[in-house]
Amino acid sequence: MGGLLTEAFLSSLFTGAIVAAIPMLLAGLGEQMSEKAGVLNIGIEGMMLMGAYMGFLVAFKTESLWLGFLGGILGGVLVAIVMAVLCVRLGLNQIVIGIGLTLGVEGLTALLHHFQFSRTYPRLPAPERLNIPGLTDLPVIGPSLFGRHLIVYLALIAVAVLAYLYRRTNLGMTLRAAGERPAALDVAGGNVLGIRVFATLFTGGMAGLGGAYLANIGAGLFIPFMTGGAGFIGIVLAMLARGRPLWVLIGSLIFGAALSMTTALQVAGSNIPTDVIQMLPFAAVMLVLVLFGRRAKLPSALGAAYERGAR
Amino acid sequence: MAVATDKLNDLSPETGAGVIGVHGVTKRFPGVVAVDNVSLKFHPGEVHVLLGENGAGKSTLVGILSGLQEPDEGYLSLNGEKARLASPSASLDAGISTVFQHSMLVPTLTVLENLTLGAPWYQRPPRAQIAARMDELKREFALSLPLDAITGELSLGQQQQIEIARALLRDSKVLILDEATSMLTPQGAQELGERMQQLVKSGLAVIFITHKLAEAYRYGNRISVLKQGALAGEMGPEELKGMTEDEAVDEIVRLMFGREAGQTSTDHRASTARDQIALKVENLSTQGDADVMGLHDISLSLRAGEIVGIAGIDGNGQKQLAEAMAGQRALTSGRVELHGEDITGASVAQRRRKGLRYLTDDRLSEGSVGAFPISENTVLKDIGQPPFWVNGIERPNRIAEHARELIRTFSVRTPGEQTPIGRLSGGNIQKVLLGRELSGDARVVVFNKPTYGLDLQNIDASRQRIAEIAGRGLGVVLISTDLDELMALSDRIAVMEGGRIRGVVENDGTGEALRLRIGRMMAGEEEHKQATA
């Protein structure tokens, strides 16, 4: 174990942590908004996968990563529209519909991918990186922290923007009211269903973007079922963050580090069995849940459809 | 909108077209006709009181005027024109603001945020502007609110002020107050009454919903009485001016009950106290925090057959005291004895089995499970106990039989014992809970505001029952904010203020003098003259 903290190990750990963290961060930020508004979005895994598929397809066909990201957002929103209609407008059970959507999209994307690419897995060219002069040349942390694609920095900016939005604007307040006591928002003249639809679509967009990042930047290709629970971890992150975007970021980095530990430990040639290493991210989830999950405060009306005048 | 208001002000209230009209409105719910062909007109410059028992249709009418429900038959009119209020925002746009019986504020938001709730999402909260308007309201209507406090941490009275302030900030033409005084102290209700008169002088129409007769006369300019969903009668301003309070109350009672019911008896109950100590609380203290007031060094003893009243302004530790006695709240020090047995360490269920019963005032969330049928709610505190469960198996027929008996005895108005309790009106839920706590082998009963929200007949019946169980030799702790109730029933009255007992007085029925003395203690002015009893 003495030779574990080598430059190669740390460098691949940091790089991997960020690559793994960004999709979870985006999904977590999205889920956080819909949870604030009272919609428990279990379909986020499906939205993310649709984002990964559409994002890859568009990027592959147009050879533009940015159009790919747009395609990813669109893919996530498409799935979210179904969720919004069924769960917000019609008031169906959010958990059942969410699971159904995830399973449905898993099948659908695998099928479409099979039609289009048969059994081949074409790759995208390596993405261009934003090189920040000076910082990128730093040893160990330089390439991993400062040589990323622009989208990484946009995701970090989104954390700050959302934090401001929740704290200082009417929109943030309306979201919180819709999740905490929708009837109060309704009689105050607010639009409960409208804000919930918006939050659900936002979640879809963010999850789709996260999926597109996963496919286009993280892997450079699309494989069916490739999200592998990243969307579900987003739900955990949103729950643990208690409404704070910054905590979603911290949480996603912790989970990202645990995930990248799997590859980093193998790079470092450690003699810990691979099975144990691959267990790490899930052990981390459980550990964090045990440590912090108990005191997590969720909005009062989370998961409950709103019907005016019902008692 | 300002133009319309001015025009209406010129019309005298008697001949004016009325700012809102209700025309032949009927609203049905499964099994019940909640509002039955009601026609009403509300005029600017008047406090229009809607008076009726629980379930008379007052709240449904409020729901229709505030856009939560639409009438099945009939229509509404605004300034003489037929109008439809299809949503709460349509109602707000029409200048109608409603302060609901149950708080319609988001507890986790600040006061300022609740005041701006419902504003378009793209706007910034206009903090400075609202602070300035609040200063005005403070001068005009004595509404004073901490803008940055978390709403859920404020008292119910303050939360109501937020809702009134919100209506005023919106420049409403009509203000609906649904059971607005039920959570206020007598002084608070008095202030609200004066506030309503100021509001109507500035040109508003105020619709004040209540079931308290004296309030209707004191604060109202016009009174409409509802009875089982239908309009039973109306008394206009001229008619009311020509009457004394007693005459008006007699007339209202005649309209409401169709018979001459005497003034609610304020006769002092003869004491049935015995020598034996039933419940003894010594130096009891609990932890307080920003949300909940702590208790400090409370000592109280209760004899069998005695009723000890706990007076005080709402939120001065009465609920915490009740919970501490029932075992629902951890003590930091002190001890509790039931018939000489130390029960300080006993659990809630153990205390209940030993005969210590607690009737909560929070009937919706703590007292009942809204989605469960009435029958299961009646045995909620006896789950697993015979005769309703035998060897762990539920006996639905016995539970149903028990529930039907309770529904009969306490005249609960319901289609049947299988109806989910959440569908009942507040007063009827309270009756079920009252029945649940009085059943079985009770020795000491702690009542927290037992008659709050009940109609006159049921208040009388409940009070008689409380007197009866004291007469059977049970000890009764009666927490109430209604001083009349305490003075009618109690042997002694302990006054709580700031989490302490400020004094205990013998209720000798000296009337006005005693009332003033208790009032002074409630306000915290007469401290520690008699520390214990």
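**Exercise 1.** Find the bridge partner of L279(B) in β14(B).

*Solution.* In β14(B), L279(B) has L338(B) as its bridge partner. The model is predicted: local features need pLDDT of at least 70, side-chain atom pairs count only at pLDDT 80 or more, and totals for chains, interfaces and linings use all residues. Residues are numbered from 1 along each chain as its sequence is written, while chains are lettered from A and ligands numbered from 1 in the order in which they are written.

Next, the strands. β11 (277-285) and β14 (333-338) of chain B pair in the antiparallel sense over five bridges. Pairing requires at least two DSSP bridges between two strands. Strands are DSSP runs (E, at least two residues), and helices are H or I runs of at least four, numbered from the N terminus.

Then the sheet. It is open, with four strands of chain B in the order β12-β11-β14-β15, and antiparallel pairing. Its edge strands, β12 (298-303) and β15 (341-342) of chain B, each pair on one side only.

**Exercise 2.** Describe how α5 (127-141) and α6 (156-169) of chain B pack.

*Solution.* Take the geometry. The angle is about 110°, and the axes are 11 Å apart. Axes are lines fitted to C-alpha atoms over the stretch in contact; angles run from 0 to 180 degrees between N-to-C directions. α5(B) and α6(B) are therefore roughly perpendicular (65 to 115 degrees).

Now the residues. α5(B) contributes I130(B), R133(B), M134(B) and L137(B); α6(B) contributes A165(B), L168(B) and L169(B). Contact means C-beta atoms, placed from the backbone, within 7 Å.

Definitions and conventions. Parallel < 35°, antiparallel > 145°, perpendicular 65-115°, else oblique. Contact = placed C-beta atoms within 7 Å.
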